[in-house]
Amino acid sequence: MRLLGYPLGLLLLAGCTVPTAPTGFPRAMILPQPDDQLSFQVDGQEWLRYHYGPQAPKPYFYPVMGPAGAPVTRLTHPHDPFTHAHHLSLWIGHQNVAGSNFWEHLRSPARIVHDKIVKIEDGDRASLTIQAKWLDGDKKPLLLDERVWTLSPNYRTMGLNGYGQYTLDLTLTLTPVAPKVVIGKSNFGLVAVRVAKMMGTIDGGGTIRNSEGKVNEKELMPHQRARWCDYSGLAAPGVVNGVTLFDHPSNPNHPSYFHVRGDGWMGSSFSYEDDVTLSKDKPLVLRYRFLIHAGAGDPERLDQESRRYAE
């Protein structure tokens, strides 16, 4: 064994003190990277990466690693990568904010633009607070956006590959620039995930399941209300991982409508039924949780996680 370039035994014989990690050294950390990226790491290994540079139409996470040591998300549709280029792994967006499309960037010049990093917190959990602006096609700001992403690893589930189960929590605060802004009726937005190709029901025989006992697209569409929706399938050969999206009971439309497809798409539809009007003097605060887990989505276990999240 070597430490700092010297054999450990030689250091001990020489009477040297062997350096150790300081007490309270953070296991979960967020490290800034080149090209406007942030690496979410656990014990020095990357579990997530956040992209927020000007080349991105909106900030997003990729990769999102699963317990199998492989990504559980992907960029774009597996069979229609150009038309669905707006599917950016795990992201926030909406098809109609005051008439501007913040969902399909190939059809619209509207963009969600990173403003600044407010805070990075490391520890047993890692938390990122950032601010962004929703700019219409004329670069006029419609919404001010503060999002807090918190990574909470389940250390007991970590395998020899250095990966394990975890939650990724989002607190999203949207404040109109004008006195009022309308989020239009749409089944696209606000929070979404595209799972890895072979996790999809069509390509890999995966399973979509919700809190109300509905299974796969045939039962889940048209849009159904649920406290959570899970997408599980093959993340690596012979290994099933899953992603569960939980809607917090404090959200105004709880339980949320969910939009799912067998090709690997899942999202929470915030304004599925009607327009939602936001006021500048009363910002909208929304909370969601992603659970990245090993194995198939077990309804009993996911119900327990939903109750924990609500509390």
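## Terms and overall fold

Helices (H or I, at least four residues) and strands (E, at least two) are DSSP runs, numbered from the N terminus. The model is predicted. By this assignment, the protein contains four helices and 21 strands. The radius of gyration of the protein is 21 Å, close to the 19 Å given by the globule rule for 311 residues, so the protein is as compact as a globular protein of that length. The C-alpha trace spans about 75 × 40 × 40 Å along its principal axes.

Of the 311 residues, 50% count as buried. Among contacts between residues at least 6 apart in sequence, 60% join residues at least 24 apart.

## Surface and charge

The accessible surface of the protein comes to about 14100 Å². Carbon and sulfur atoms account for 53% of that surface.

## Strand β11 and its two partners

Strand β11 comprises residues 166-176. Nine of its 11 residues are buried, so strand β11 is largely enclosed by the rest of the structure. Strand β10 (residues 141-153) runs antiparallel to β11 and is joined to it by 11 bridges. Within this pairing, Leu143 stands opposite Pro176 in β11.

Strand β11 is also joined to strand β21 (residues 284-294), by nine bridges and again in the antiparallel sense. Here Leu168 stands opposite Phe290 in β21. As a general point, the side chains in a regular strand alternate between the two faces of the sheet.

## Strand β6 and its two partners

Strand β6 covers residues 60-64, and four of these five residues are buried, so this strand too is largely enclosed by the rest of the structure. Strand β5 (residues 45-51) pairs with β6 in the antiparallel sense over three bridges. Strand β7 (residues 90-94) is likewise antiparallel to β6, with two bridges joining them.

Tyr50 stands opposite Phe61 in β6, and Phe61 in turn stands opposite Leu90 in β7.

Ala235 lies in strand β16 (residues 228-236). Its relative accessible area is 14%, so Ala235 is buried, the cut-off being under 20%. Ala235 and Met65 are 170 residues apart in sequence, yet 9.4 Å apart in space from C-alpha to C-alpha. Leaving aside neighbours within four places in sequence, the contacts of Ala235 are Ala68, Ala70, Pro71, Val72, Met199 and Asn241.

Ser268 belongs to strand β19 (residues 265-269). With a relative accessible area of 1%, Ser268 is also buried. Not counting residues up to four places away in sequence, Ser268 touches Gly189, Leu190, Val191, Leu245, Ser256, Tyr257, Phe258 and Tyr288.

Most residues other than glycine have a negative phi, and most peptide bonds are trans.

Pro222 is located in the loop between α3 (216-220) and β15 (224-226). Pro255 sits in the loop between β17 (239-247) and β18 (256-261).

Ser89 is not a glycine, but its phi is positive, at about 65 degrees. Ser89 is placed in the loop between β6 and β7. Its relative accessibility is 0%, and Ser89 therefore counts as buried.

Ala98 likewise has a positive phi in a residue other than glycine, with a value near 50 degrees. Ala98 is found in the loop between β7 and β8 (111-121). Is Ala98 buried or partly exposed? At 45% relative accessibility, Ala98 counts as partly exposed, a class that lies between the cut-offs of under 20% for buried and over 50% for exposed.

Notes. Residues are numbered from 1 along each chain as its sequence is written. This is a predicted model: local features need pLDDT of at least 70, side-chain atom pairs count only at pLDDT 80 or more; totals for chains, interfaces and linings use all residues. Side-chain values use heavy atoms; hydrogens and water are left out. The radius of gyration is taken over C-alpha atoms; the globule rule is 2.2 Å times the number of residues to the power 0.38. Buried means under 20% relative accessible area, exposed over 50%, partly exposed in between (1.4 Å probe, protein chains only). Contact means heavy atoms within 4.5 Å. Accessible areas come from the Shrake-Rupley method with a 1.4 Å probe; for residues, only the protein chains shown count as cover. Two strands pair if DSSP finds at least two bridges between them.
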